[in-house]
Amino acid sequence: RLAPFPSAMQIFAYAVAMLAFLVVSNGMLVSVTSSLSFDEAGAKNRPVSKVIALLKDMLKQMEKEGEEDEAIYEKLACWCETNDKDKTKSIADAESRISQLTTEIEGLTSGSARIGTEIKNHEKEVAKNQATLDQATSIRKKQLAEFNAEEKDLLESVSALKSAITVLAKHHGDSLLQTQKSHVLSVAATLQGTMNKHAGLCARALTPSQHQAARTFIQSPSYAPQSGEIFGILKQMKATFEADLASAQKDEAEAQKAYEELKVAKEAEISAGQEQVEAKGQELASSDEKLADSKQDVGDTKKSLAADQEFLASLKEKCQMTDKEWEERQKTRQEETEAVSKAIAVLSSDDAHDLFSRTFTPSLLQQRSQVSSDRRAEASKLLSGEAARLRSPKLGALAVRVRLDAFERVKAAIDEMIGQLQQEKADEIKHKDFCVDEFHKNKVETEAKDREKADLAAKIEDLTMTIGGLTKEIETLKAEIAEMQVQLKHGGEDREKENKAFQVAVADQRQTQKLLEAALTFLGEFYGNSETALVQGRQDPAGSPPPPGFEEYSKSAASGGVMKMIQQIITDAKAMEAETIRSEEDAQKAYEDFVKESNASIEAKTKDISTKTANKSEAEVNLIEAKESNDSAATELEQLASSLAELHSICDFVMKNFELRQTALDDEVEALKQAKAILSGAKFAEAM
């Protein structure tokens, strides 16, 4: 706020003081001054002329101060208009920005909730697909085990039936009573074991009469129907078992194919779901980060808006007060100017001049004021000397007033000036204390802000390095997960190819065994009979002898070695089949372990990515806050520097000249007391 304009009396006193200061500074007597257009004698004869001159000086001073006030008001008006326009625009922009950010926050909040729901849905879908795949894998293992057991049983039964048929084939057409007892018992045991093991299958393969015949044969192998019926039953059972085995093998192949197709489909769905979860997780992190930034932005904007609104309200109030004060000052100055002008007009008129000439006759004045003039002169001389020594315009003005005013008014003025000087001394002491305190506060706050800014700079650097490290680690983890997923895909493809090769190899081995067993059966049927057929020569009648006949027929001697080789090949083929099955089971287990370990590693790395992403987001938020705090600290340091410069502008003079000014003020008070003592009748020497 501007200081209130001085009153007319204060302006008059200031004008007199300035005049006296100029007189004293040039080493001239107070009673003679170049600023007045009359000499000492004229001043003694016509004191009103001096008053008129002073009034004219007051008019000039008021005109000058009016111009200064107008310049100040123009600056204030420009400042008010500019800041009002800027702050109004800033407030409108902030309100628009807050509205925009509020809408954006609502959208981001809704988006984050939606993305979170989508992530949960994808996770449920992945878990559901994984559970389906696990269930299908469990069922497939169970089916495979059941198939292997069933296939083994059927193969054993078919082999047993083949052996029984082979035994009966040697005696086909004969009664079972003519067959060796051991062979009959072996066939009966085979038939009984097969029917007991595959009761359901036998029920479908045999008619009731065949069932009865078989049961009768089993119960009384020594008394049985013709071997042809039993031979037919065995062949029918063998054909049924082989057909059922082929059907089971076909069903197993189809079940394996369906499982592989389901597995590929589910793994693709699981992989796609996991990719969606990861993508949505990144999208959610980005949305949450934007939401946090928007909330921070809207909070900062609201703070800025509140500060701008408070400043604008204060600005309007201050500018309104300035306008009102300007109008009052203009009005007061106009009234004062009119009053002074009227006084000059009254005192300068011809009638007043004649009246003053008659009233202030020198002879009368000398008679009535000789005593008082001596006191005035002595007091004025004392004040003038002290004003020159102390360069005090107030003492100079008072020296002039001593010559013009009455004693009581001068004494009152002296008392008032003493009070003002003492107050000024106390104000300067207070001002110095204020300056010392403010300099100390500024220094402490500046040092604290410097430390805070250094700490924030170190924190910003540390957070920047942390974010960079986390970013690299997240990228590395993502690359490792991608590589594992590729390896899982390749491993699944390789496992599928290996299983198909396994199915083909097992089928080939079993077909080979089947063919070799058929060949061995044929050879056994022929070479198994050790009887030799002899061709006896018949005695012809006398006469010339006949030509030589056939030599004795003998079976190939190499048949035994061939049959042993075939049997060995069959044994080797079965061993290779068993080894192939074990290798397949080992490979399947290794693949399942690989999938389990890879999924566990992917899950751990995914969790690590989530943790590191959260830590990175937190570090980024902390970095933004640290940068904002750093900027705020820099701004506060600038403000402290500006405050320090302002303190120097208002305190340096006082701090530098404090002792001198205190001494000068004490001397002025002492001079005033001496002048008052002189005016009260004390002698100058005593006053000194």
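A: E473 has a relative accessibility of 36%, so E473 counts as partly exposed; the classes are buried under 20% relative accessible area, exposed over 50%, and partly exposed in between, with a 1.4 Å probe and protein chains only. The model is predicted: local features need pLDDT of at least 70, side-chain atom pairs count only at pLDDT 80 or more, and totals for chains, interfaces and linings use all residues. Residues are numbered from 1 along each chain as its sequence is written, and side-chain values use heavy atoms, with hydrogens and water left out.

The side chain of E473 forms a salt bridge with that of K612, at 2.7 Å from N to O; the term stands for a side-chain nitrogen of Lys or Arg within 4 Å of a carboxyl oxygen of Asp or Glu. Because E473 lies in helix α11 and K612 in helix α12, this pair ties together parts that are 139 residues apart in sequence. Helices here are DSSP runs (H or I, at least four residues), and strands are E runs of at least two, numbered from the N terminus. K612 is buried, at 17% relative accessibility.

A second salt bridge brings together the side chains of K449 and E636, at 2.4 Å from N to O. K449 belongs to helix α11 (residues 407-527) and E636 to helix α12 (residues 559-656), and the two residues are 187 positions apart. K449 is buried at 18% relative accessibility, while E636 is partly exposed at 27%.

The side chains of K574 and E517 also meet in a salt bridge, at 3.9 Å from N to O. K574 sits in helix α12 and E517 in helix α11, so this pair links parts 57 residues apart in sequence. K574 is partly exposed, with a relative accessible area of 41%, and E517 is partly exposed at 21%.

As for the setting, the structure holds 31 salt bridges. The protein has 14 helices and zero strands, and 30% of its 688 residues count as buried. Of the contacts (heavy atoms within 4.5 Å) with a separation of 6 or more, 87% are between residues 24 or more positions apart.
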